[in-house]
Amino acid sequence: MKQLGRLSETEMEVMEVIWELAAPVTVAQLLELFESKDWKTSTLSTILKRLIEKGFLTKSMIGKVNFYDPALTFNEYKKYETKTFLSRLYNGEVKNFIASLVDDEELGPNDIAELKEWFARKEGEK
């Protein structure tokens, strides 16, 4: 997967709506969905332009209307962010992340038992 830009809180909010809709959207549709924000067309257009530049959206034109479509699914984004997070903070090692959670007592005995069961099931699927 190509390198993606970092999402601001507002950009993430817009992407979550676009991912949920699961269909190409227009500025008009998004303005309606974000009516409570009282955004102007130019504001939303700027956000969408940034999302295209960061690799999250593609734009196509039908007639005189621009349609915006996600360039990746939400699950693909989660995988990308997880790998980026692990790489940046834990040398790309999941076990380092889990060890940190255990050492900081973020994972209790029930969590550890559930993870053991999950790993056992995954091992059995091979």
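The exercises below work through a predicted model, in which local features need pLDDT of at least 70, side-chain atom pairs count only at pLDDT 80 or more, and totals for chains, interfaces and linings use all residues. Residues are numbered from 1 along each chain as its sequence is written, and side-chain values use heavy atoms, with hydrogens and water left out.

**Exercise 1. Determine how the axes of helices α4 and α5 are arranged, and which residues meet.**

Step 1. Helices (H or I, at least four residues) and strands (E, at least two) are DSSP runs numbered from the N terminus, and here α4 covers residues 74-90 while α5 covers residues 94-103.

Step 2. Axes are lines fitted to C-alpha atoms, for helices over the stretch in contact, with angles from 0 to 180 degrees between N-to-C directions; these two axes come within 9 Å and cross at roughly 75°.

Step 3. Because angles under 35 degrees count as roughly parallel, over 145 as roughly antiparallel, 65 to 115 as roughly perpendicular and the rest as oblique, α4 is roughly perpendicular to α5.

Step 4. Taking contact as heavy atoms within 4.5 Å, Phe85, Leu86 and Tyr90 of α4 meet Val94, Asn96, Phe97 and Ser100 of α5.

**Exercise 2. Describe the pairing of strands β1 and β2 and the turn of their hairpin.**

Step 1. Two strands pair if DSSP finds at least two bridges between them, and β1 (residues 57-62) pairs with β2 (residues 65-70) in the antiparallel sense over six bridges.

Step 2. Ile62 stands opposite Val65 in β2, and the hairpin has two residues between its strands, with Gly63 in the turn showing a positive phi of about 65°.

**Exercise 3. Classify the ring pair of Trp19 and Phe74, and decide whether each residue is buried or partly exposed.**

Step 1. Rings of Phe, Tyr and Trp (its six-membered ring) pair if their centres lie within 6.5 Å, and planes under 30 degrees apart count as stacked, over 60 as edge-to-face and the rest as tilted; by this rule there are eight aromatic pairs.

Step 2. The ring centres of Trp19 and Phe74 are 5.1 Å apart and their planes stand at 55°, so the pair is tilted.

Step 3. Trp19 lies in helix α1 and Phe74 in helix α4, so the pair ties together parts that are 55 residues apart in sequence.

Step 4. Buried means under 20% relative accessible area, exposed over 50%, and partly exposed in between (1.4 Å probe, protein chains only); Trp19, at 12%, is therefore buried, whereas Phe74, at 34%, is partly exposed.
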